[in-house]
Amino acid sequence: MPRFTVHIRDEWLAIPCRDPTKTIHWLGLEALRRYIKNKPDNGGITTLKDVRFVVRRCQGQGLLDGEDTIEDALEDNDFLELAMEGDTMSTEFIPSQPGVSHLTAAYREPNDNICMDGNSLTSTDLVNLGRGLYKIKLTPEAETKVVKARELLDTIVKENKVVYGITTGFGKFARTVIPVGKLKELQENLVRSHSAGVGNPLSPERTRMLLALRINVLAKGYSGISLETLHAMIQAFNASCLSFVPEKGTVGASGDLAPLSHLALGLMGEGRMWSPNSGWADAKYVLEAHGLKPIVLRPKEGLALINGTQMITSLGAEAVERAEAIARQADIVAALTLEVLKGSTKAFDSEIHALRPHPGQIEVAFRFRSLLESDHHPSEIAESHRFCDRVQDAYTMRCCPQVHGIVNDTINFVKNIINTEINSATDNPMVFAERGETISGGNFHGEYPAKALDYLAIGVHELASISERRIERLCNPSLSELPAFLVNEGGLNSGFMIAHCTAASLVSENKVLCHPSSVDSLSTSAATEDHVSMGGWAARKALRVIEHVEQVLAIELLAACQGIEFLRPLRTTTPLEKVYDLVRSVVRPWIKDRFMSPDIEAVHRLLLDQKVWHVAKPYIDKYETQLSSPGSRPISPTSFSLEPPLSPRKRVRHE
């Protein structure tokens with residue numbers, strides 16, 4: 001029998017429907033009847049026939065026609081809001097907009113699975129899980145380890161042993177022994193009291209990542225979680241039932257307690273949850289609508305759910321993946337700018353960089369050679385200034401391999417730490433089933449990812465810093481030999497004048513955001529947790545820095561393509577022409593002033609989707625292949641690697 005969840009003012013009502021041929025108006029009246037029945041004063045409503053109301057979907061706020069039939073307009077378990085005329089108590093459903101991006105709006109239940117064993121997840125996998133591309137399954141080996149660890153904990157409880165977090169309080173209360181009859185309440189109280197975060201909720205993508213990573217850590221079998229609880233978490237993930245997790249409140253030791261507590265609270269059926277069908281709603285109704293039951297915590301399970309670095313690490317995984325994507329596209333953008341400014345390719349000679357063989361530097365120089373004028377890719381623009389009297393270019397062009405290069409090496413360093421952290425047990429105490437004991441340690445401390453993400457922000461920021469200087473060169477006629485601010489009829493038109501100011505402002509903001517958060521520490525929990533990492537802020541501000549870098553490079557790419565317009569009919573190399581064509585597929589040339597923000601946003605989206613990289617990569621690969629004959633190949637970026645190989649992950653397709 002179909003059932004619908006209807007929100008009226010401050011109440012959620014489950015409405016069964018035996019006859020789906022009835023109308024939306026009937027469903028609204030039935031919801032109102034039940035609402036009145038539950039209110040001592042009838043909710044201030046005298047008679048139903050006098051009530052005028054509208055019904056809309058909670059997700060997307062789509063208004064429903066009262067005359068439509070339920071079977072035509074709704075799907076089973078839909079979430080709806082009923083708004084009464086003149087009602088000021090509930091003019092809107094709980095906002096579903098905070099943190100919801102275009103990806104979640106287009107969510108489709110995936111067909112593929114990633115099988116988790118706690119040892120082989122990568123940052124790329126985690127980001128794809130966040131995007132909703134995969135469901136989760138446990139490997140049989142992981143299930144066996146989880147069961148054995150839980151059996152040890154059950155034995156400890158049965159034998160009335162005193163073990164931290166299992167039969168005692170937490171933090172300052174570690175010496176307080178809890179009676180067996182209150183161990184369940186102990187774990188529930190832990191989650192509720194620690195759900196003390198503030199601020200906007202994490203987006204659904206980031207909450208998926210957080211939940212997926214916690215599942216992966218628990219799958220290692222050192223936390224003492226029961227297999228039933230872990231399966232319930234996986235079912236919630238696969239249904240995309242996501243808790244309301246405020247982004248602020250973690251100090252990064254003892255783990256990310258506040259955000260992980262909010263994550264667990266929703267799974268307990270308390271607080272709020274989000275799903276693609278419901279938007280934000282009470283957690284118990286979201287779970288119920290998807291056929292799920294709230295988890296019931298056993299001894300130690302509350303602690304197992306909230307103790308670890310998964311907030312820092314999941315955001316760090318997104319940061320490092322986005323950093324990697326923008327770093328390689330920065331080389332392409334800079335190469336196009338160099339063409340427009342009629343720079344020289346000599347500074348990218350392979351033998352120069354072989355004398356200072358940093359892997360990142362060699363890789364960037366190689367990319368420049370593969371994109372710029374050569375026997376493989378002739379350029380009419382380069383040919384036009386072949387015999388100019390310029391001796392060498394400014395540092396912002398000539399030193400790209402050295403500046404961009406260290407960014408690449410920084411990303412590789414940080415990615416290695418994040419991937420290690422993704423597959424690390426960060427609980428406390430650790431449950432060693434094979435040894436038959438639990439051991440308290442400090443793996444929950446977030447210093448590793450905190451320091452790495454501070455370093456990432458500092459490194460990646462330099463891409464924006466040098467890009468802003470190249471934008472200045474493009475806009476300044478004394479440096480570019482192009483019209484001022486890249487527009488005709490200057491004065492009447494301002495062109496890229498303020499776009500450059502925007503880039504400068506973002507770079508300035510980054511200078512503040514790059515101050516390391518992990519150099520700070522404040523003692524918490526009555527001095528029992530007397531050194532903390534502040535890794536949550538390190539992760540969040542790293543993402544902000546990277547977003548600013550993407551936006552600055554979007555402005556540079558726009559400016560470089562505009563510069564090309566003034567060099568026509570001359571053409572650049574084939575790969576750079578393809579990049580130009582890509583930009584022009586979403587942004588037309590700047591003939592006269594117009595609203596500029598949409599152009600910046602459109603090109604930023606190209607960079608986020610890595611379309612600039614996908615357009616240029618085949619030419620970079622082909623260039624390397626053409627140089628692969630014996631004796632003719634320069635030093636290639638593939639000759640160097642900073643990352644150890646990760647163990648292969650197991651995947652099951654279309655199950």
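Reader: Quick one to start: is Arg322 buried or exposed?
Author: Arg322 is buried, at a relative accessible area of 17%. Buried here means under 20% relative accessible area, exposed means over 50%, and partly exposed is in between, with a 1.4 Å probe and protein chains only. This is a predicted model, where local features need pLDDT of at least 70 and side-chain atom pairs count only at pLDDT 80 or more, while totals for chains, interfaces and linings use all residues. Residues are numbered from 1 along each chain as its sequence is written, and side-chain values use heavy atoms, leaving out hydrogens and water.

Reader: OK, so what does Arg322 form a salt bridge with?
Author: Its partner is Glu318, with the closest N and O atoms 3.0 Å apart. A salt bridge needs a side-chain nitrogen of Lys or Arg within 4 Å of a carboxyl oxygen of Asp or Glu. Glu318 counts as buried too, at 12% relative accessibility.

Reader: How many salt bridges does the structure hold?
Author: There are 36. One of them joins Asp154 and Arg150, at 3.1 Å from N to O. That pair sits in helix α5 (residues 140-158), again four residues apart. Asp154 is partly exposed at 35% relative accessibility, whereas Arg150 is buried at 4%.

Reader: What about Arg33, what does that pair with?
Author: Arg33 forms a salt bridge with Glu30, and their closest N and O atoms are 2.6 Å apart. They are three residues apart in helix α1 (residues 24-37), so about one helical turn separates them. Arg33 is partly exposed at 40%, while Glu30 is buried at 13%.

Reader: Which residues are linked in a network of salt bridges?
Author: Lys184, Glu188, Arg192 and Glu270 are linked that way.

Reader: Switching to aromatics. How many pairs does a search of the whole structure find?
Author: Nine aromatic pairs. In one of them, Trp12 and Phe79 have ring centres 5.8 Å apart and planes at 70°, so that pair is edge-to-face. For the cut-offs: rings of Phe, Tyr and Trp (its six-membered ring) pair if their centres lie within 6.5 Å, and planes under 30 degrees apart are stacked, over 60 edge-to-face and the rest tilted.

Reader: Which strands do Trp12 and Phe79 lie in?
Author: Trp12 is in strand β2 (residues 11-16) and Phe79 in strand β5 (residues 79-84), so the pair ties together parts that are 67 residues apart in sequence. Trp12 is buried at 5% relative accessibility, and Phe79 is buried at 1%. Together with Tyr285, Trp12 and Phe79 form one aromatic cluster.

Reader: Now the surface. Which residues form the negative patch?
Author: That patch consists of Asp65, Glu67, Asp68, Glu71 and Asp72. Patch residues have over 30% relative accessible area and no salt bridge, with like charges joined within 9 Å and nonpolar side chains (Val, Leu, Ile, Met, Phe, Trp, Tyr) within 5 Å. Asp65 is in the loop between β4 (63-64) and α2 (70-73) and is partly exposed at 42%.

Reader: Which residues make the nonpolar surface patch?
Author: Ile406, Phe413 and Tyr455 make a nonpolar patch of about 280 Å². Tyr455 is in helix α18 (residues 447-475), and at 35% relative accessibility Tyr455 counts as partly exposed.

Key: Accessible areas come from the Shrake-Rupley method with a 1.4 Å probe; for residues, only the protein chains shown count as cover. Lys and Arg count as positive and Asp and Glu as negative; His and the chain ends are not counted. The place of a charge is taken as NZ of Lys, CZ of Arg, CG of Asp or CD of Glu. Helices (H or I, at least four residues) and strands (E, at least two) are DSSP runs, numbered from the N terminus.
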